[in-house]
Amino acid sequence: MKKFPFWAWFWVVLGVLYLFLPLYGTLDFSLRMVRDQLSFAAYEVVLRDPKFAATFSYSFIMALWTILASTLLIVPTAYWVHLKLPQLRPLVELVTLLVFVVPAIVLVFGLLRIYSRPPLALTNSDLGADILLVAGYVCLSFPYMYRAVDTGLRAIDVRTLTEAAQSLGANWLTILLRVVLPNLRVAVLSGAFLTFAIVIGEYTLSVYLARPAFGPYMQLLGRTRAYEPAALAIMSLTLTWTCVGIIQLLGRGVPGQGQLAGTR
Amino acid sequence: MAFLELDNVSKSFGQVEAVQNFNLQAERGEFVSFLGPSGCGKTTTLRMIAGFELPTAGTILISGNDVTFKPPQKRNTGMVFQAYALFPNMTVADNIGFGLKVAKKPSAEIKKRVAEMLALIKMEKFGDRYPYQLSGGQQQRVALARAIAIQPQVLLLDEPLSALDAKIRVALRQEIRAIQRELGITTVYVTHDQEEALSLSDRVVVMNNGCIEQVGTPFEIYNFPQTEFTAQFVGTLNRIGATVRDVANGELLIDSQRIVTAQKLEGVSNGTAVTLSIRPERISFAADGRKPNGLNVRVENITFLGSIVRVQVRAGDNVFLMDTFNNPFLKLPDIGDVVEITFSKEAVLVLKHA
Ligand SMILES: Nc1ncnc2c1ncn2[C@@H]1O[C@H](COP(=O)(O)OP(=O)(O)O)[C@@H](O)[C@H]1O
Ligand SMILES: [Mg+2]
């Protein structure tokens with residue numbers, strides 16, 4: 001008979017406790033706003049707060065713009081690098097990783113220094129500041145979006161597909177829109193959900209650019225209230241995990257080579 | 001005038017001279033194969049015709065028009081790739097109709113043409129399927145239909161059957177040829193498989209190291225190889241070292257045994273060492289009676305290949321193979337026996353030295 005793998009189970013249980021105990025603590029705490037009973041009171045308070053809706057929808061819209069901008073920027077770039085400059089791939093990868101090296105605080109002060117004075121005084125208007133914010137978010141989402149698209153491009157034979165389309169008379173725009181992008185749907189969507197998760201919780205950029213975003217709101221709430229921040233934390237965690245779950249689901253719906261089952 | 005013409009086309013990638021001084025004139029409707037080992041420049045030449053590579057030198061003409069620097073989108077060539085390259089996000093019908101859609105043809109016309117193409121490849125019921133729902137052979141037929149749907153001036157195929165298994169390969173190559181004949185499309189077919197090239201083509205271009213070795217009909221290529229490379233690459237070849245005995249009478253010595261060739265001996269003198277080639281199927285065991293060329297050899301090995309029996313024999317330093325048709329009454333020698341073999345004067349070819 002096989003011996004019970006005691007130590008293996010010991011480490012697994014320890015790991016699970018380490019991850020989930022604090023989470024459980026937060027969850028439990030968030031449900032105890034009303035004395036001596038479990039309730040969703042804290043959640044209600046949060047959801048009723050008009051600032052919650054305002055900041056969340058602001059961040060939501062910024063996330064959409066970020067996704068649009070980074071898709072438009074990264075898909076053609078990654079495609080071109082794959083096709084024409086494959087030797088530059090490590091360099092581009094390095095560039096996308098710069099965000100991990102340069103802290104967000106440095107990035108935002110750089111943006112402020114350059115764009116708060118003429119000729120490009122963007123920080124003076126709401127629109128300008130929003131543009132700066134989205135630009136910053138695009139940088140933050142760079143590594144995730146690029147990785148996702150790069151993986152997607154690797155899964156299809158871009159070069160041959162491009163040549164096949166070319167010999168059939170298609171120009172670059174047609175190839176990009178009808179051949180490359182549809183085959184990258186899954187990749188772009190996973191990149192998009194990661195971007196979404198990042199943007200929704202982002203704090204540094206939005207606070208220094210003085211934007212009414214969701215991240216600063218969470219911070220503010222955390223400093224002034226007790227139960228509500230716990231409820232908010234649980235909610236945003238759920239949101240993030242939902243995003244991750246959707247990515248997983250999308251990835252699974254891929255029969256053969258990067259094919260989305262839903263294209264039928 | 002030739003329909004497809006390559007004039008002194010060369011291509012180098014840095015130091016690598018992939019194609020050198022390539023000349024070809026193909027008639028309208030002709031089926032031409034490029035045959036050669038991997039890395040000899042077949043694909044590069046094909047890609048220059050398609051417009052995916054620019055020649056370093058030379059010109060390419062299609063139907064009298066210089067297309068050397070035209071982008072691939074404007075050349076109207078149909079291309080079929082080894083890896084099928086169907087668009088995974090489109091149905092079979094959309095794949096076939098892609099070129100027509102890009103050309104902004106009316107949708108009724110596209111529909112009609114797609115239906116014709118599906119009938120041509122005998123896949124009428126598969127229009128709504130996606131590429132991943134098809135077998136390799138079916139995918140390649142769709143790729144073929146997609147390429148010819150745009151009525152290309154030239155059809156280009158780069159090892160289209162290499163990824164398929166043997167049975168389908170043979171069936172599909174007949175189908176490709178039949179469709180090509182029916183539509184009369186000028187076709188260039190790249191392959192490293194000599195059987196494919198010989199069985200399909202009107203003419204074969206044998207390539208080696210970026211250069212053309214020989215251009216000719218399959219019959220000429222197989223029976224009258226002009227270079228040692230061609231002789232060796234196409235079919236099985238016996239290379240035999242010999243010395244010239246008498247230039248005037250075409251007499252040669254193999255292992256100091258005298259044989260005669262029907263070929264005129266040029267550029268050599270008595271005593272020159274030359275290389276001969278004799279196809280295995282041209283050699284037989286000598287029965288009694290008149291023998292044009294008789295050679296005493298020792299039997300080294302006998303291999304049973306089904307319809308033929310391959311016998312390996314040795315004369316001095318020369319080892320060579322002979323094929324005899326199998327039949328139930330065949331009397332084979334034993335290994336180690338010394339026997340006499342024979343072949344005609346015409347079977348003995350003296351190879352040009354490169
Ligand atoms: N894009 C390229 N860059 C550098 N060398 C290449 C390129 N394409 C082909 N070559 C070289 O050119 C030669 C011919 O290649 P290719 O035409 O693909 O041969 P084949 O199709 O006959 O196998 C090879 O030596 C190959 O390494
Ligand atoms: Mg090749």
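Helices (runs of H or I in DSSP, at least four residues) and strands (runs of E, at least two residues) are numbered from the N terminus, and in this predicted model Val274(B) accordingly belongs to strand β14 of chain B, which covers residues 273–278. Residues are numbered from 1 along each chain as its sequence is written, while chains are lettered from A in the order in which they are written. Because the model is predicted, local features need pLDDT of at least 70 and side-chain atom pairs count only at pLDDT 80 or more, whereas totals for chains, interfaces and linings use all residues; side-chain values use heavy atoms, with hydrogens and water left out.

Val274(B) has a relative accessible area of 7% and is therefore buried, where buried means under 20% relative accessible area, exposed means over 50%, and partly exposed lies in between, as computed with a 1.4 Å probe on protein chains only.

The C-alpha trace of chain A spans about 75 × 75 × 35 Å along its principal axes, and 38% of the 264 residues in chain A are buried. With contact taken to mean heavy atoms within 4.5 Å, residues 24 or more positions apart account for 75% of the contacts in chain A that have a separation of 6 or more. Chain B, by comparison, has 8 helices and 20 strands, and its C-alpha trace spans about 75 × 50 × 35 Å along the principal axes. Of the 354 residues in chain B, 51% are buried, and among the contacts in chain B between residues at least 6 apart in sequence, 66% join residues at least 24 apart.

The interface was examined next. The size of an interface is often given as the accessible area lost when the parts come together. Between chain A and chain B, the buried area (the accessible area, with a 1.4 Å probe, that two parts lose on being put together, summed over both) is about 2,200 Å², and carbon and sulfur atoms give 62% of this value. The contact involves 24 residues from chain A and 23 residues from chain B. Across this interface there are 3 residue pairs in polar contact, both residues of each pair being at pLDDT 80 or more; a polar contact is a pair of N or O atoms within 3.5 Å, of which, within protein, one must be able to donate a hydrogen and the other to accept it, and residues adjacent in sequence count only if both atoms are side-chain atoms. On the side of chain A that touches chain B, the elements giving two or more residues are α7 (158–167) and α8 (172–183) of chain A, and α7(A) gives the most, with 8 residues.

Side chains of opposite charge can pair when their charged atoms come close. A salt bridge is a side-chain nitrogen of Lys or Arg within 4 Å of a carboxyl oxygen of Asp or Glu, and by this rule there are 20 salt bridges over all chains, with 1 across the interface of chain A and chain B. Glu163(A) and Arg47(B) meet in a salt bridge of 2.7 Å, N to O, and the pair crosses from helix α7 of chain A to helix α1 (residues 42–50) of chain B. Both partners are buried, Glu163(A) at 8% relative accessibility and Arg47(B) at 13%.

Other salt bridges lie within a chain. In chain A, the closest N and O atoms of Arg225(A) and Glu228(A) are 2.9 Å apart; Arg225(A) is partly exposed at 42%, whereas Glu228(A) is buried at 5%. In chain B, Arg314(B) forms a salt bridge with Glu300(B) at 2.7 Å, and because Arg314(B) lies in strand β17 (residues 308–315) and Glu300(B) in strand β16 (residues 294–304), the pair ties together parts that are 14 residues apart in sequence.

Finally, a search of the whole structure finds 0 disulfides over all chains, a disulfide being a pair of cysteine sulfur atoms within 2.5 Å. The sulfur of Cys40(B) is 10 Å from the closest cysteine sulfur, that of Cys211(B), and is therefore too far for a bond. Cys40(B) is buried at 2%, whereas Cys211(B) is partly exposed at 28%.
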